[in-house]
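Trainee: I have a chain to read and some questions about it. Can we take it piece by piece?

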Amino acid sequence: MKTTINQVSGHVGQEVTIGAWLGNKRSSGKIAFLQLRDGSGFIQGVVVKSDVGEDIFQKAKSLTQESSVFVTGIVKEDERSPFGYELEVKDLKVIHESVDYPITPKEHGTEFLMDHRHLWLRSNRQHAVMKIRNEIIRATYEFFNTNGFVKVDPPILTGSAPEGTSELFHTKYFDEDAYLSQSGQLYMEAAAMALGKVFSFGPTFRAEKSKTRRHLIEFWMIEPEMAFYEFEDNLVVQEEYVSFIVQSVLKNCRLELTRLGRDTSVLETIKAPFPRVHYDDAIKFLHEKGFTDIKWGDDLGAPHETAIAESYDKPVFITHYPTAIKPFYMQPDPEREDVVLCADLIAPEGYGEIIGGSERIHDLDLLKQRLDQHQLDPEAYKWYTELRQYGSVPHSGFGLGLERTVAWLSGVEHVRESIPFPRLLNRLYP
Ligand code: 4AD
Ligand code: MG
């Protein structure tokens, strides 16, 4: 019977056939051990010469790395295997023989691996990271669906620039100018006025000339938006959502986390509530820590975020940034207009900002004034201002960067490993 590796527990003692690739092998004169993977999991195939005969044994011994096979055998429980089972091989059919697979068990440089990303994805480590990415996406849908949110899909081709005009991918839309979406937020605000609580999940684009471990040109964002939610309500959704995805990954990706060598003790403690640090206090704290390069009014850089995050064993909200350094749509603090009702959520262990969010301006005149200050074309934002003309309500939302979250939970150093085909500065291949 044909099955997959993740299903073998239901076939102990039975003969099964699995389509697989050969990861690695070891052999002696009498016995060969095949490390097999089929995408669903990993299993060792044991080929005993006296059992299968000369022909099949020779086939097994000469199998090359990444050759594809149909392997037939009896499923055995095996306590020593990290996956719990092994296959006592009875028959082996080679589907396709792989010659000179470029990624060998020896060490390769990053650029070489990135040039072979289409093959690198097959490796144990990349497999584990992609499974964790998938679990975060699955848990995201579960969280928002069970909490009364409706999934809404904003457009990718747009005429507006929510996060500032300097990082836009420009394209022609027939005779008009268009941009690839940097954020679906403005459309999600319209959707929240129709459906109450909404979330999106889709690709976003930033023509950022940044070459850091946290920056991609194309990345995926989860953007919830909630009508009638004020600043603090928004933070509660964020801390509950992030706690939920961390606990889901811990529960459903044990094998992957182990394969990655991830220290899970630091993830176990990630439970709401998360600490909140006012921007004023963040600046004071940084001065006390000896950061003389920053003054009130500056944006925080990666080293500043890391220094603050190191004081906590959970993600930390930095709230109330200066109005002058934030986008036009953020609601100023009614107590003092020089800061806005916003928060960035900073992940532990140096992974940096994983969420940016805020309460949005719901007063029409104030919004028009802010568009003007940011020199944004009122015509392009006419539809957006109209949301404030017909039953405007306080509302809030945020965007979680998927790849930074995947990198953090997987414990991989760089976001390039947290998306199947990363788009980076100077990299569009493969
Ligand atoms: O802070 P950002 O720019 O916020 C927005 O786009 C808001 N409109 C979201 C909203 O309120 N609906 O981006 C949100 C998150 C960041 O915290 C970060 O995790 C991720 O998106 N992000 C990036 N991830 C990878 N590469 C980049 N170049 C990123 N830029 C932002
Ligand atoms: Mg941000």
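Trainee: Which residues does Val-48 touch, leaving out residues up to four places away in sequence?

Mentor: This is a predicted model, in which local features need pLDDT of at least 70, side-chain atom pairs count only at pLDDT 80 or more, and totals for chains, interfaces and linings use all residues. Residues are numbered from 1 along each chain as its sequence is written, chains are lettered from A and ligands numbered from 1 in the order in which they are written, and side-chain values use heavy atoms, with hydrogens and water left out. Contact means heavy atoms within 4.5 Å. Leaving out residues up to four places away in sequence, Val-48 touches Lys-30, Ile-31 and Phe-57.

Trainee: Is Val-48 buried, partly exposed or exposed?

Mentor: Val-48 lies in strand S3, residues 42-48. Buried means under 20% relative accessible area, exposed over 50%, and partly exposed in between (1.4 Å probe, protein chains only). Val-48 has 28% relative accessibility, so Val-48 counts as partly exposed.

Trainee: How far apart in space are Val-48 and Ser-27, C-alpha to C-alpha?

Mentor: In sequence, Val-48 and Ser-27 are 21 residues apart. In space, C-alpha to C-alpha, the value is 9.9 Å.

Trainee: How confident is the predictor in the protein chain, as a mean pLDDT?

Mentor: pLDDT is the predictor's confidence in each residue, from 0 to 100. Strand S9 (residues 176-180) is lowest, at a mean of 93, and strand S18 (residues 395-401) is highest, at 99. In the chain, 100% of residues reach 70 or more. The mean pLDDT of the chain is 96.

Trainee: How many helices and strands are there in the protein chain?

Mentor: Helices (H or I, at least four residues) and strands (E, at least two) are DSSP runs, numbered from the N terminus. The count for the protein chain is 14 helices and 18 strands.

Trainee: Which word describes how H5 and H7 lie to each other?

Mentor: Axes are lines fitted to C-alpha atoms, for helices over the stretch in contact, and angles run from 0 to 180 degrees between N-to-C directions. Helix H5 (residues 124-146) and helix H7 (residues 231-252) pack at about 135°, with axes 9 Å apart. Angles under 35 degrees count as roughly parallel, over 145 as roughly antiparallel, 65 to 115 as roughly perpendicular and the rest as oblique. H5 and H7 are therefore oblique.

Trainee: And how do H10 and H11 lie to each other?

Mentor: The axes of H10 and H11 come within 10 Å and cross at roughly 90°. H10 and H11 are therefore roughly perpendicular.

Trainee: Which residues of H11 meet H10?

Mentor: On the H10 side are Ala-282, Phe-285 and Leu-286. On the H11 side are His-304, Ala-307 and Ile-308.

Trainee: How many residues of H11 are buried?

Mentor: Helix H11 covers residues 302-309. The buried ones are His-304, Glu-305, Thr-306, Ala-307, Ile-308 and Ala-309. They pack against helix H10 (279-288) and strands S13 (316-319), S16 (342-347) and S17 (352-359). H11 is mostly covered, and its buried count out of 8 residues is 6.

Trainee: Is Gln-331 buried or exposed?

Mentor: Gln-331 sits in the loop between S13 and strand S14 (332-333). Residues that Gln-331 touches include Val-340, Glu-359 and Leu-366, not counting residues up to four places away in sequence. At 14% relative accessibility, Gln-331 counts as buried.
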